[in-house]
Amino acid sequence: MTPAVLGDFLAAADEHIRAVHTVNPTVTGFASAAQDLYRLVVVLSRYCGDLAPCDEVEASGRSDLHAWERAIIDAGAALGIAGDCLRHGAEQAAREQSGPAPGQAQHLAAAARELRVGRDLLHTHRATDLAGLTRSRSEWAPVLTSLPVLRALANEIGRWSRQLAPFAALLASSGTWHGPSGGRDKDASLTAHFDFMNASQWLRAAGAAVRAAVDIDPVRTSDTELLYAVPVAMMPQRQRPRLVPESVADLCDGITVSASRLRGAMRDGGQRAWWSASVTSGGWQWMAQAAAVACHLSQLALRSLATRASELADVPVSGSQLDEAADSMTGMRAAWQQVDRLWDGMVTERRLLSTPAMTDASDLVLRLGRLVWDNPHWTPAHAQRAPRRSPPAIAPGAADFRAVVAAAHQAIDALALIAKVDGQAVESAATAGRLYVPTRSLPEEYDIARPYAPAPMTRCRVLHEAYGVALDATVIAAQALDELALAAGAPSKVLALARAAAPAQAHQRGGQNWPNGDIPPVRLPARMPSWGSRTFTDRAGPVEQAIRDRGISDPIILLRAGAIDNAAWHLITRAENAASAPSPSDTPTGQRHADDTPAQLAAQSFPRDKVARPSDQQPSRSAKPTPSSGIRVTRRLR
Amino acid sequence: MDQIEQVQQHLHAADGVPAVLSASWEAFELVQVVAAACADQAADMYPGFTFARGSAASGRNAIAFAPSMPAGYAEQLAVTAPVTGDVYEVADAIAGLASALGARLREAALLAADANDRTACEDAALDAEQISAMLAKDEW
């Protein structure tokens, strides 16, 4: 079963809001409809409150807000007033009329219900800790406060506000028709009429506030795709690898589930290294081995796809693109092997205890193996070895092709989180004095009468640096797969969009940064340029930073900029290595890649969003945001 | 392959818990080194060799906990000759060595007077059995 995504609820709400106008041109049970419209507008206004970086009072004194931030503040204020008007109007209307809810009311109520559930879904990504601070509960949390999501959601809210405005006007005219005439009742009816008219105008104002931002910074197709793909922050149920043969589609689904569970398990277990005896050296080493094996299997799967690409129609990626993505995993595997080997001589006070993350990593490896090797019962054991699946067997059609790309993408993405969390955890364990080495492995001058001695700091540092290298290599592979998934239209492309969007943070309420999740950024080894692995270290490289400084937040352009930064970093690293190498003939292949890769990356035809614009047409950050078509709203005092 | 046989002989010849532990250390180290050397030689054996190497490291570390383990610095084992020949046969040979290693460690656990020696031998035997299961040509 696929997890619920925000799009399920937004699409359902959209259908109901559209249906409001198609059910009946006039309102009969308008009191009920007014109540339901009020509830719907309140939900919309709460969405705005969630997205707004500050309230309208603070906003009036700030000049650093993005056009969309200003738009959501203005829209939220307008919706708040519209809601007040509707509440008052609905109270008046309820005194005058009761009766069965009309069709419109049912649609309005259903839309409000869908949007409430959607908002609850968004709130699953955050939690309030004991100190009252909001904490991220998933890797999606920073995405939810990103500019692409803000653009897409604000745009939907603005569109719905515009659609609902005529209905509020219809309520106003219905009120004058149905209200009893004469005396106090006539006054009440008139009041309700004006309330609904005002509500209609404020709904239009909310829509106009958003439209002004659209003119400055258009919504991209990828923004809406990303918004609709936001999943519920809930670990999917484990799908044990089955004893009966699984289809390619089932295997890929299973890999996605395992990767998702693995990310959840890593997130939940990341803080335990300091104190928990259940976090062991054996577990860390096993995860490093599993990462190396998963990388190896993903690489083989991509090689098969590279062969298959030219044989399939409707596959918009070439064999060479797939081979390049597979090549990017060579360094990753070597880096994980190095981590594995460094663990050989280091232990914690307990050896190996199984963890939930290990179970999910095990499922991931098994399914990747069964995808690559022609044995439905494949395990890493020699006795289960089998020939490779033929390329037509691994990707019979274009859908399977995309599913396999997505499976590899999901696997590598999850491994990046392992590198990040385990690297941090190992540092914590070293600080807590939980790492030991066998005395036999120490030089003779160490005269220690116990079998194990505390690990020398140099060894701990080397291990931590190895995790840094593994993280960097995994990020490079993940970025290569991001590009591939976008180009191939794989279901996992949302990971690429989310990764690109997450650092594009809007300002946060009260001017504070949103907490950076429960996973602090990994510190890279000192010898690495800080812009070596942009995405997972939350640091932009020089090209990406220059793009951001121009106020451009298009995820596709940012991804490309990140790729250029990484390619440049690689070129420099390779150049340094080549300079210190004894002979150029030692690494002929590597040298050739060093020459080709940056140029290829810079020149490659990148998948473009339908509404993506060239950078010179993007709005400049220095351009002051237009005050949303002059709608500077102030909450009406009633 | 000669080195595998040589280590296997040391293991058979070991008499008493300390000698078995010392020979086991050597055997685990050999498995580690050979598995690392063989892992990249055949794509289909990479996962098996990788996990077997990890089990060898775990087994070696387990016996280091044994109080009867002879003290002193142990030089890291090096493969005296490059690992050549059929990698699948090498895998099977290591599986044989690991099987023998597991059996000897189980025997040592029964003989050991010290509870910590027993635990260390049993833990290491489990790792040896995992290596055997991972690398044996036939279903273990």
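View 1. R18(A) lies in helix α1 (residues 6-23) of chain A, where helices (H or I, at least four residues) and strands (E, at least two) are DSSP runs numbered from the N terminus. This is a predicted model, in which local features need pLDDT of at least 70 and side-chain atom pairs count only at pLDDT 80 or more, while totals for chains, interfaces and linings use all residues. Residues are numbered from 1 along each chain as its sequence is written, and chains are lettered from A and ligands numbered from 1 in the order in which they are written. Because 13 other C-beta atoms lie within 10 Å, R18(A) counts as partly exposed; a residue is buried with 20 or more other C-beta atoms within 10 Å of its own, exposed with 12 or fewer, and partly exposed in between, the C-beta atoms being placed from the backbone. R18(A) and M287(A) are 269 residues apart along the chain, and their C-alpha atoms are separated by 50 Å.

**View 2. The packing of helix α11 (residues 281-309) of chain A against helix α15 (residues 398-431) of chain A.** Two packed helices are described by the angle between their axes and the distance between the axes. For α11(A) and α15(A) the angle is about 155 degrees and the axes are 10 Å apart, the axes being lines fitted to C-alpha atoms, for helices over the stretch in contact, and the angles running from 0 to 180 degrees between N-to-C directions. The angle therefore makes α11(A) roughly antiparallel to α15(A), a description used for angles over 145 degrees, whereas those under 35 count as roughly parallel, 65 to 115 as roughly perpendicular and the rest as oblique. The crossing of α11(A) and α15(A) is left-handed, that is, the near helix is turned anticlockwise from the far one by less than a right angle, clockwise being right-handed. Residues that make the contact include W284(A), M287(A) and L305(A) from α11(A), and F401(A), I412(A) and V426(A) from α15(A); two residues are in contact if their C-beta atoms, placed from the backbone, lie within 7 Å. By class, the contact of α11(A) with α15(A) has 17 nonpolar, one polar and two charged residues, with Ala, Val, Leu, Ile, Met, Phe, Trp, Tyr, Cys and Pro counted as nonpolar, Asp, Glu, Lys and Arg as charged, and the others, Gly among them, as polar.

**View 3. D314(A) in the loop between α11 and α12 (319-343) of chain A.** Most residues other than glycine have a negative phi. D314(A), although not a glycine, has a positive phi of about 65 degrees. D314(A) counts as exposed because it has 10 C-beta neighbours inside 10 Å.

**View 4. Helix α4 (residues 87-111) of chain B beside α5(B).** Chain B has five helices and zero strands, and along its sequence the pattern reads α-α-α-α-α. The axes of α4(B) and α5(B) come within 8 Å and cross at roughly 160 degrees, and the two helices are therefore roughly antiparallel to each other. The crossing of α4(B) past α5(B) is left-handed. Among the residues that make this contact are I94(B), L101(B) and L105(B) of α4(B), together with C121(B), I131(B) and L135(B) of α5(B). The contact of α4(B) with α5(B) divides into 14 nonpolar, three polar and five charged residues.

**View 5. The side of chain B that touches chain A.** In the interface, 30 residues of chain B are in contact with 28 residues of chain A. On chain B, α3 (46-63) and α5 (115-135) each supply at least two residues of this side, and α3(B) gives the most, with ten residues. By class, the side of chain B that touches chain A has 18 nonpolar, seven polar and five charged residues. For the complex, the predictor gives an ipTM of 0.91 and a pTM of 0.76.

**View 6. Confidence along the two chains.** The mean pLDDT, the predictor's confidence in each residue from 0 to 100, is 79 for chain A, where 74% of residues reach 70 or more. Over residues 508-538 of chain A the pLDDT is below 50, and this stretch has 75 contacts in the model beyond near neighbours in sequence. Residues 581-638 of chain A also stay under 50, and for them the model has 87 contacts beyond four places in sequence. Where pLDDT is low, the predicted coordinates should not be read in detail. In chain B the mean pLDDT is 88, and 88% of residues reach 70 or more.
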